[in-house]
Amino acid sequence: MSGPASFDLRPDLAKIAEKVPAGSRVLDVGCGEGDLMQALESQKNCDARGMEIDAEAVEKAVGRGLSVVQGDANRDLADYPDAAFDVAILSQTLQTAERPEWLLDQLLRIGRTAFVSFPNFAYWRMRLSLLRTGKMPMSRHLPQTWYETKNIHHLTIEDFRDLLAAKGVKVKGSWFFADGREIGSSNANWRAEHAVFQLSLMRD
């Protein structure tokens, strides 16, 4: 049997798929068309559920036989009971949240462990672009102009670490990526385009 990478997932999603335990109950928040969910169900025998705000993406995911509901994570996660899932996932969405710290609380309330991935705005190419042009940078992972982007909270890896420390959240694992491949953790705040963190509450 081939692994989740056979689904040609984004690097951050492939890493999450690799780390999610087989047979887990999973909630994928902001699941899009359900690529990660499909990989987890097919390769890890997970019971995967999804939430997505975009109606067209929800329709496509449901058309693939996936259990996805339309909802706004900024409000609707409050309706889920505590520890309803083994794993809660938020990929490339935290920076678009109205209240990122509240959203993180909800993930860790709903799931026994959480995976969060996000673009790193301290990536060296972003810094250099801002220095050279004096304008908000654009990249492969952040292709929209400043007035079109859905990103409203621009964060760095160090910003996220500070938030976790302030909230008493345990980092169970972290992985970093640049140019479509995984890189080491050394100087990740300026070397990495995006990051994946596996989290749990300190008591776990």
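Gly-65 sits in the loop that links helix H3 (55–63) to strand E3 (67–70). Helices (H or I, at least four residues) and strands (E, at least two) are DSSP runs, numbered from the N terminus. The model is predicted: local features need pLDDT of at least 70, side-chain atom pairs count only at pLDDT 80 or more, and totals for chains, interfaces and linings use all residues. Residues are numbered from 1 along each chain as its sequence is written, and side-chain values use heavy atoms, with hydrogens and water left out.

Gly-65 has a relative accessible area of 60%. It is therefore exposed (over 50%; buried is under 20%, partly exposed in between; 1.4 Å probe, protein chains only). Gly-34 is 31 residues away from Gly-65 in sequence. The C-alpha to C-alpha separation of the two is 9.7 Å.

Asn-74 belongs to helix H4 (residues 73–76). Its relative accessibility is 13%, so Asn-74 counts as buried. Residues up to four places away in sequence aside, Asn-74 touches Ala-97, Glu-98, Arg-99 and Trp-102 (contact: heavy atoms within 4.5 Å).

The largest nonpolar core holds 37 residues. Such a core is a set of buried Ala, Val, Leu, Ile, Met, Phe, Trp, Tyr and Cys residues joined through side-chain atoms within 4.5 Å. Leu-77, Phe-160, Phe-197 and Leu-199 touch the most other members. At least two residues each come from strands E1 (25–29), E4 (85–91), E5 (111–119), E6 (169–178) and E8 (194–201), and from helices H5 (100–110) and H7 (157–167). H5 gives the largest share, six residues. Beyond its neighbours within four places in sequence, Leu-199 is in contact with residues including Leu-104, Leu-108, Val-116, Phe-160 and Leu-164. A second, separate core has 23 residues, among them Val-20, Val-87, Phe-115 and Val-196.

Two packed helices are described by the angle and the distance between their axes. The axes of H5 and H7 come within 12 Å and cross at roughly 60°. Axes are lines fitted to C-alpha atoms, for helices over the stretch in contact, and angles run from 0 to 180 degrees between N-to-C directions. H5 is therefore oblique to H7 (under 35 degrees is roughly parallel, over 145 roughly antiparallel, 65 to 115 roughly perpendicular, the rest oblique). The crossing is right-handed, the near helix being turned clockwise from the far one by less than a right angle. Glu-101, Leu-104 and Asp-105 of H5 meet Leu-163, Leu-164 and Lys-167 of H7. Three of these contact residues are nonpolar, none polar and three charged.

Technical notes: Nonpolar A, V, L, I, M, F, W, Y, C, P; charged D, E, K, R; others polar.
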